[in-house]
Amino acid sequence: MAFYSPVATITKDEEKSRKAKMSIIIERYKEKVSALPKNSIDHHLCMYEGFWYFHGFWYNSKADFSVEAVMTLQDEFQARPTNVFLASYPKTGTTWLKALSFAILNRNKFKTPIGSNPTHPLLTVSPHDCVPFLESESFLNNPSYASGLMATHIPYTSLPKSIINSNCLMVYVCRNPKDALTSVWHFFNMLKDDVSTPLKLDDAFELFSKGMTPYGSFWDHVMGYYKASLERPDKVLFLKYEDLKKDPWNEVKKLAKFIGNPFTQDEEYDGSVQKIIDLCSFENLSKVNKDGKQTAKASSDDIYFRKGIVGDSVNYLTSDMIQILDKITEQKFADLKISFEA
Ligand code: A3P
């Protein structure tokens with residue numbers, strides 16, 4: 001199974017310059033990567049520090065989101081104490097968390113849209129254009145809207161050391177693994193060029209349950225950040241997609257407080273919290289990214305918005321699959337207080 005998070009549409013010149021930079025990086029880490037264990041099922045994957053990653057040019061000549069990107073960042077990235085990192089396993093709520101955090105931190109700069117002259121970036125571009133991925137935009141040094149906010153799928157234990165040492169804030173969003181698998185499977189098939197041979201759910205299940213997906217085992221990924229949130233609660237906040245769905249008001253207030261921008265009482269009364277919830281809702285963002293005012297950039301991002309609900313996995317996974325995934329979750333999280341309603 002191949003999974004990837006595409007970056008915003010870029011011009012031909014940018015593409016050329018990216019490819020040149022990536023070739024140098026791939027050459028630099030050639031020996032190190034060639035020594036890594038390769039996956040017997042998906043030969044694009046290699047094991048690095050306990051997690052699977054793509055390596056080399058693996059999709060449409062892109063090398064971001066690859067093991068080489070992680071190695072480069074580990075060697076070169078310098079975090080600042082003012083950075084806020086939004087971390088997640090793919091398909092667990094990254095886009096939503098990006099939108100909410102961006103909207104919270106920039107609520108005074110971009111007034112929440114009123115009337116016919118909305119200026120908020122989230123009404124015209126994708127959340128992925130507002131908050132760059134560390135292993136994509138930042139790795140390639142592209143300009144962005146970055147306001148100290150960055151996102152990453154890198155497992156906690158493989159993060160560039162400067163992120164931990166700079167003591168900056170991190171927010172992790174996680175989601176129940178059955179919905180995450182369902183979302184990954186759909187996402188992959190939406191990306192696939194050859195629609196005549198879609199990835200079978202059985203195969204996606206096999207790979208996901210064995211942890212053989214990019215960024216490795218879902219459970220190990222979650223555990224890394226969960227443990228960090230227990231060890232460094234003032235620096236790492238652990239959120240759940242299901243909680244955001246169920247109680248957005250309190251979860252959004254919690255997020256705002258954690259990232260140093262709590263809502264004032266006046267803001268709570270004047271509807272500011274609700275405006276941000278509405279602006280970042282699945283209904284609104286999926287509309288912006290599909291039709292209406294969106295730019296070409298945003299329209300390429302509509303694949304990030306599928307259903308946006310909790311428990312959709314029951315519509316796809318067999319009861320055997322559900323049982324196996326529940327069992328793995330129970331075993332892996334036995335000593336931790338992580339549970340999922342769906
Ligand atoms: P589904 O495929 O289950 O619909 P990520 O952003 O990490 O790639 O995760 C994508 C998942 O989050 C998709 O789940 C997508 O529909 C959902 N999603 C995207 N934006 C959302 C939002 N604003 N609110 C709720 N869910 C959202």
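**The largest pocket and its lining**

In this predicted model, the largest pocket is lined by 34 residues, and those nearest its centre are Trp96, Tyr241, Phe282, Tyr304 and Gly308. A pocket here is an open set of points on a 1 Å grid over the protein atoms alone, where a 1.4 Å probe fits, with protein on both sides within 12 Å along at least five of seven lines, and lining residues have an atom within 4 Å of a point. Two or more lining residues come from each of the elements α4 (94-105), α8 (177-191), α11 (241-246) and α15 (282-288), where helices are DSSP runs of H or I with at least four residues and strands are runs of E with at least two, numbered from the N terminus. The volume of the largest pocket is about 480 Å³, a volume being the space filled by probe spheres set on the points, which are joined across faces, edges and corners.

By class, the lining holds 17 nonpolar, 10 polar and 7 charged residues; Ala, Val, Leu, Ile, Met, Phe, Trp, Tyr, Cys and Pro count as nonpolar, Asp, Glu, Lys and Arg as charged, and the others, Gly among them, as polar.

Phe305 sits in the loop between α16 (296-299) and α17 (319-332), and with a relative accessible area of 8% it is buried (under 20% relative accessible area, with exposed over 50% and partly exposed in between, for a 1.4 Å probe and protein chains only).

Beside α4, which contributes to the lining, Lys91 is placed in the loop between β3 (84-88) and α4. Lys91 has a phi near 70°, a positive value in a residue other than glycine, and is buried, at a relative accessible area of 13%.

As for how to read these values, residues are numbered from 1 along each chain as its sequence is written. Local features need pLDDT of at least 70 and side-chain atom pairs count only at pLDDT 80 or more, while totals for chains, interfaces and linings use all residues, and side-chain values use heavy atoms, with hydrogens and water left out.
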